[in-house]
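Here is a short briefing on one protein chain. Keep the structure open alongside the points below.

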Amino acid sequence: MTSVYSQPGSALIISLVILTAITIGAVVAMQRSTLQVRMVGNMQHQQNVFNAAYSDLSSLINHLRNIGTATSLLNEAVKAENIATGSTIEPFVTGNLTRPKLPKNIKTPDNKLRVLSLPSSTPNSLKATEGSSKGTVAPYYFANRVDVKDTNDNAQSVQEVGFYFLAPAP
């Protein structure tokens, strides 16, 4: 006669093996999801740095749509170029312009405006003066470069835009 209480124990061993496999699978899945969350967080942080640089560039271009601001600011850049070739100005400081609001973890952008090319004869001025080449205009080429970093210097975005301004010829 077989005892009701005697069991070979194979069901217990098989269930422990299955539970171990499920536990290992769950741990691996959690590690992968944690890594993916970190990757997405880093991508969002880099995108914030990129957006801060783009915002600085766009803000300057919008300020330059005002002819008075453009003439004043770009004239300062031309004067700086006449003093020292390759010199730059900080448009938000020199032009007393309003800088866009930045996220808390972003440093103040390093924004440099420089003259790329002046009309043929220098020194030049963007001021409209009598007798300036009989009313003709000439293109003045500029570049604006923005370098933005986060507070820990882990992420950086450098962007540059070129543009020209038609002003009285020298």
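T108 sits in the loop between α3 and β2. The model is predicted. T108 is exposed, at 57% relative accessible area. Beyond residues up to four places away in sequence, T108 touches R99 and L102. From T108 to D56 the C-alpha distance is 9.9 Å, across 52 residues of sequence.

**Overall layout**

- The protein has three helices and four strands.
- Starting at the N terminus, the elements run α-α-β-α-β-β-β.
- Of its 170 residues, 29% count as buried.
- Among contacts with a separation of 6 or more, 69% join residues 24 or more positions apart.
- The protein exposes about 11,400 Å², and carbon and sulfur atoms supply 58% of that area.

**Helix α1**

- Helix α1 covers residues 10-64, which is 55 residues.
- Its first and last C-alpha atoms are 81 Å apart, close to the 81 Å expected at 1.5 Å a residue.
- Which residues of α1 are buried? They are V49, A52, A53, D56, L57, S59, L60 and L64.
- The cover over these buried residues includes α2, α3 (91-94), β2 (110-117), β3 (137-149) and β4 (156-168).
- L12, I14, L16, I18, L19 and I22 make a nonpolar surface patch of about 610 Å².
- L16, one of the patch residues, is placed in helix α1.
- L16 counts as partly exposed, with 49% relative accessibility.

**Salt bridges**

- The structure holds six salt bridges.
- K107 pairs with D153, with the closest N and O atoms 2.8 Å apart.
- K107 lies in the loop between α3 and β2, and D153 in the loop between β3 and β4, so this pair ties together parts 46 residues apart in sequence.
- K107 is partly exposed at 35% relative accessibility, and D153 is partly exposed at 45%.
- Salt bridges with shared partners join D56, E90 and R99 into one network.
- Within that network, the side chains of E90 and R99 meet at 3.0 Å, N to O.
- E90 is buried, with a relative accessible area of 16%, whereas R99 is partly exposed at 22%.
- R99 is also one of the residues that T108 touches.
- K79 and E76 form another salt bridge, at 3.7 Å from N to O.
- K79 and E76 are three residues apart in helix α2, so about one helical turn separates them.
- An α-helix has 3.6 residues a turn, so residues three or four places apart point the same way.
- K79 has a relative accessible area of 40% and is partly exposed; E76 is partly exposed at 32%.

**E81, a buried charge**

- E81 is in helix α2, residues 67-83.
- How far is E81 from the nearest side chain of opposite charge? That side chain, R114, is 7.7 Å away.
- A salt bridge requires the nitrogen and oxygen atoms to be within 4 Å.
- E81 is buried yet has no salt bridge.

**Y140 in strand β3**

- Y140 lies in strand β3.
- Is Y140 buried or exposed? Y140 is buried, with a relative accessible area of 0%.
- Y140 and L116 are 24 residues apart in sequence, and their C-alpha atoms are 7.9 Å apart in space.

Terms used: Residues numbered from 1 in each chain as written. Predicted model: local features only at pLDDT ≥ 70, side-chain atom pairs only at ≥ 80, totals over all residues. Heavy atoms only, no water. Helix = DSSP H or I, 4+ residues; strand = E, 2+ residues; numbered from the N terminus. Buried < 20%, exposed > 50% of the residue type's maximum accessible area, 1.4 Å probe, protein only. Lys, Arg positive; Asp, Glu negative; His and termini not counted. Expected span 1.5 Å × (residues − 1). Contact = heavy atoms within 4.5 Å. Patch = residues over 30% accessible without salt bridge, like charges linked within 9 Å, V, L, I, M, F, W, Y side chains within 5 Å. Areas by Shrake-Rupley, 256 points an atom, 1.4 Å probe, with all protein chains shown as cover.
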